Number of protein chains: 2
Amino acid sequence: MVLPDIKKNFADWYQEVIYQAELADQAPVRGCFVIRPYGYAIWELIRAELDRRIKETGHQNAAFPLLIPESFLKREAEHVEGFAPEVAVVTYAGGKKLEEPLVIRPTSETIVYYMFAKWIKSWRDLPLKINQWANIVRWEMRPRAFLRTTEFFWQEGHTAHETKEESEAEAELMWKEYINLAYYFLGIPVIAGLKTEQEKFPGAEKTYTFEAIMPDGKAVQMGTSHIISQSFAKAFNMQYQDREGNLRYPYLTSWGTTTRLIGAVIMVHGDQKGLILPPKVAPIQLVIIPIFKKGIDNKPLLEVVETIAAQLKQQNIRVYIDTDKHKTPGAKFYWWELKGVPLRLELSARDLEKGEIVIVDRVTLEKKLIQLAQVEQEVISLLAMVQQCLFMRAQKKLESLWYKKEKLTNFGRALREKGGLYQTGWCKNPECENKLKEYQGSIRCLLDTHEFEQCFNCDKKSVVDVLVAKSY
Amino acid sequence: MVLPDIKKNFADWYQEVIYQAELADQAPVRGCFVIRPYGYAIWELIRAELDRRIKETGHQNAAFPLLIPESFLKREAEHVEGFAPEVAVVTYAGGKKLEEPLVIRPTSETIVYYMFAKWIKSWRDLPLKINQWANIVRWEMRPRAFLRTTEFFWQEGHTAHETKEESEAEAELMWKEYINLAYYFLGIPVIAGLKTEQEKFPGAEKTYTFEAIMPDGKAVQMGTSHIISQSFAKAFNMQYQDREGNLRYPYLTSWGTTTRLIGAVIMVHGDQKGLILPPKVAPIQLVIIPIFKKGIDNKPLLEVVETIAAQLKQQNIRVYIDTDKHKTPGAKFYWWELKGVPLRLELSARDLEKGEIVIVDRVTLEKKLIQLAQVEQEVISLLAMVQQCLFMRAQKKLESLWYKKEKLTNFGRALREKGGLYQTGWCKNPECENKLKEYQGSIRCLLDTHEFEQCFNCDKKSVVDVLVAKSY
């Protein structure tokens with residue numbers, strides 16, 4: 001089935017490409033999706049890479065309970081206000097009504113901090129640097145696969161430190177790890193900076209964000225890193241003896257990123273024919289299609305194909321040979337293009353006789369005839385090229401959507417109608433910030449530039465540049 | 001703190017070693033535990049190994065929702081009877097009462113099969129071989145860390161096949177994979193066979209089990225593999241067009257193993273000093289303790305230690321150097337023995353002068369002086385030795401607990417008072433099986449031997465040998 005027009009109907013294209021490429025499917029529970037093997041394999045690749053970096057930066061994985069006593073959420077005032085409206089609540093269990101309802105974790109700060117308070121007794125227990133890979137539930141009224149789902153997967157880092165400086169450095173470090181992941185692994189350029197007071201994590205002192213810009217000009221918040229400071233430590237009575245023997249509260253951070261990343265990969269790189277997966281997140285990096293012919297012995301062809309595959313697997317390239325006899329080569333091209341496989345080799349008996357093979361990359365879709373002897377070298381260099389090219393294309397797109405505007409009156413209408421990124425000045429007054437809602441926009445992050453004299457909304461001086469956009 | 005006597009008070013020893021070695025901690029939610037980094041690292045090693053085998057045997061990972069409509073559970077009569085008493089139920093979400101309550105998955109057959117019914121349309125969609133790594137909730141009245149917890153982690157495989165034979169081969173294959181994992185990775189010998197009709201999975205035709213025997217003579221069911229057959233396919237209207245164009249129901253299997261495996265590792269291998277981890281599941285396989293001396297320069301010592309560590313890491317050995325200056329060597333020995341690290345190197349300035357180093361394995365605890373040049377070779381061979389030796393020790397223990405008895409009157413009292421494994425004959429009548437409850441025992445599995453003429457309980461002929469034991 002042909003995909004909806006990606007330019008005219010981006011939202012439908014997104015939904016359809018997910019179903020047709022078998023990344024995910026709607027589940028019979030409100031707002032929930034099944035992540036199918038192809039989609040889950042992408043998540044496994046992202047998770048393995050990030051997990052490696054999380055461990056290399058000195059964190060350890062652990063597992064905290066799914067269920068949290070309702071009262072825990074209430075210990076930190078901002079926190080409960082932020083999360084109470086979207087939690088799922090267990091009221092019966094084991095055939096009985098529970099004395100205290102349990103919420104399914106919408107995030108784990110409260111239960112993690114309850115345990116931290118048990119574990120952190122002395123400065124020698126610090127820093128404590130924990131991460132967990134978990135499922136999260138937040139009741140979602142407008143679900144969209146990967147981007148907004150009632151249940152989603154993420155990692156959440158939780159750390160405790162002796163000094164404020166150390167906790168700030170930690171939150172910044174992990175934020176930078178995320179940005180690297182986006183750039184060098186997902187091939188996605190991001191805008192990154194602090195959130196405003198209104199948009200920060202409920203209970204945090206500061207929140208760093210990194211956001212990708214979709215082709216329709218809307219931002220996707222890819223993840224956040226929070227300087228939690230001491231508010232929660234006080235709420236959970238988390239005290240330790242410092243080097244001088246005094247009782248102190250540790251400084252906390254938390255940081256997380258989610259299966260949303262998959263949604264961003266789909267949107268940022270895809271085209272009219274379907275997905276385009278950057279090689280680093282592609283479960284299959286190369287598909288080999290032997291062009292079988294009727295009436296001849298196809299065995300020699302298959303043998304060559306298998307030799308090539310074995311050779312490439314030696315180089316840790318993820319290869320799949322499509323030998324399905326019920327499908328035409330054309331149908332196979334269509335299918336693997338839909339699935340966004342970065343490279344394709346086509347081998348016919350005729351080319352084989354000449355010692356040649358056709359290679360096609362998913363970005364240009366141009367067919368190139370190469371020597372069989374050069375396959376390995378060519379595949380390795382084309383994989384790197386596709387990864388790089390997708391990033392550069394996304395970077396160009398991001399730049400083309402970036403406008404500098406002095407006043408909301410100059411960009412409000414365009415923001416609402418066409419999306420886009422608007423760099424402008426802000427006085428830091430939440431009332432001006434709220435004005436953006438009328439145009440379906442919000443401040444995605446603060447920038448470290450100061451190019452504008454006046455606030456985008458009022459007559460006051462601008463204190464900081466901000467980026468304004470619509471968001472998913 | 002000294003551990004409780006492992007011989008006299010095994011249950012207390014188990015609980016204490018888990019807390020003291022920091023494997024897990026009690027959570028503030030009934031029956032739930034936090035898996036701490038050291039315990040979670042063991043799970044990560046087991047999971048990586050099993051995941052590799054699951055993929056190599058042609059299965060793909062996916063993710064199905066945590067929440068299941070209550071009505072789904074009721075579609076298969078035996079299934080709901082089996083699980084309804086222990087589910088946790090979400091009745092409120094997003095600030096509203098739900099029209100239909102949702103249960104937190106106690107297992108995922110129902111929701112997986114709902115999706116399978118959408119996906120399986122033709123024989124070409126078969127076999128469908130899916131696995132998921134997930135958290136499970138079953139309300140637990142008598143929790144025990146790792147062995148019985150309200151929330152636990154597992155993998156659950158779900159497959160659909162064209163023929164009964166194929167599905168039977170699948171269930172057997174994965175059961176054998178589990179048994180291999182127990183033997184060669186966890187170092188645990190198991191008893192393995194079919195469950196009785198009463199003890200099989202609710203809704204399955206047959207259930208294969210594999211069970212380990214603890215030093216106190218009780219069995220731990222480590223995992224199961226089920227021939228589900230067609231009952232669920234019918235309940236979920238899962239029909240496909242076969243090769244002849246007729247509508248058919250596929251044959252299903254499911255199979256799973258859990259974080260219980262960690263509990264079995266702790267119990268089977270541990271001793272009075274704490275854990276003993278088989279090298280393959282040990283997050284740290286070797287700890288190096290430089291013996292610092294006051295008043296001299298310890299730098300050369302540290303340099304040698306770091307060189308050794310680097311060399312061993314090259315061989316993919318998991319090494320930790322304990323340079324803590326606030327602890328005596330004795331305190332370090334105590335700590336790493338409690339944590340069950342298979343090997344320890346101790347390097348003093350005096351030994352270094354002579355080009356020697358002390359190596360100690362966690363099983364014998366004998367100190368052996370070896371040449372520095374031989375460290376790598378010695379470590380590799382000792383790691384293999386510890387793995388093998390732990391298995392053989394457990395095998396011997398299992399054999400020593402295995403009795404052959406004709407009549408319940410001969411072994412009932414011993415079963416109740418001392419535990420142990422009793423091979424006996426059974427007429428296949430559930431009434432005789434139920435008689436075992438009076439002695440706190442049950443049939444753990446059927447055997448493929450037939451050594452007894454009469455049923456252990458009644459005067460009828462024995463149809464099959466069975467193994468009887470108490471269980472966790």
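User: Where is Gln423(B)?

Analyst: Gln423(B) is in strand S21 of chain B, residues 421-426. Helices (H or I, at least four residues) and strands (E, at least two) are DSSP runs, numbered from the N terminus. The model is a predicted one, in which local features need pLDDT of at least 70 and side-chain atom pairs count only at pLDDT 80 or more, while totals for chains, interfaces and linings use all residues. Residues are numbered from 1 along each chain as its sequence is written, chains are lettered from A and ligands numbered from 1 in the order written, and side-chain values use heavy atoms, leaving out hydrogens and water.

User: Gln423(B), buried or exposed?

Analyst: Gln423(B) counts as buried, at 2% relative accessibility. Buried means under 20% relative accessible area, exposed over 50%, and partly exposed in between (1.4 Å probe, protein chains only).

User: Which side chain does the side chain of Gln423(B) make a polar contact with?

Analyst: That of Asp465(B), at 3.0 Å. A polar contact is a pair of N or O atoms within 3.5 Å; within protein, one must be able to donate a hydrogen and the other to accept it, and residues adjacent in sequence count only if both atoms are side-chain atoms.

User: And what else is Gln423(B) in contact with?

Analyst: Leaving aside neighbours within four places in sequence, the contacts of Gln423(B) include Trp402(B), Tyr403(B), Leu447(B), Phe452(B) and Val466(B). Contact means heavy atoms within 4.5 Å.

User: Switching to S10(B). Why is it described as largely enclosed?

Analyst: Because 7 of the 8 residues of S10(B), residues 206-213, are buried.

User: Which strands pair with S10(B)?

Analyst: S9(B), residues 191-194, pairs with S10(B) in the antiparallel sense over 4 bridges, with Gly193(B) opposite Thr209(B). S11(B), residues 218-229, also pairs with S10(B) in the antiparallel sense, over 8 bridges, and there Glu211(B) stands opposite Gln221(B). Two strands pair if DSSP finds at least two bridges between them.

User: What about the hairpin of S10(B) and S11(B)?

Analyst: That hairpin has 4 residues between the strands, and Gly217(B) takes a positive phi near 80°.

User: How many salt bridges between chain B and chain A?

Analyst: The count is 4. Lys118(B) and Asp25(A) meet in a salt bridge across the two chains, 3.2 Å from N to O. A salt bridge is a side-chain nitrogen of Lys or Arg within 4 Å of a carboxyl oxygen of Asp or Glu.

User: What does S5(B) pair with in chain A?

Analyst: With S5(A), residues 88-93, in the antiparallel sense over 5 bridges. Ala88(A) stands opposite Ala93(B) in that pairing.

User: Back to salt bridges. How many over all chains?

Analyst: The structure holds 55. In chain A, the side chains of Glu337(A) and Lys273(A) meet in a salt bridge at 3.8 Å, N to O. The pair links distant parts of the chain, 64 residues apart: Glu337(A) in helix H10(A), residues 329-338, and Lys273(A) in the loop between H8 and strand S15 (286-291) of chain A. Glu337(A) is buried at 11% relative accessible area, whereas Lys273(A) is partly exposed at 44%.

User: And which residue does Lys164(B) form a salt bridge with?

Analyst: Glu205(B), with the closest N and O atoms 2.8 Å apart. Lys164(B) lies in helix H6(B), residues 164-185, and Glu205(B) in the loop between S9 and S10 of chain B, so the pair ties together parts 41 residues apart in sequence.

User: H8(A) came up. Why is that helix called largely enclosed?

Analyst: Because 10 of the 10 residues of H8(A), residues 260-269, are buried.
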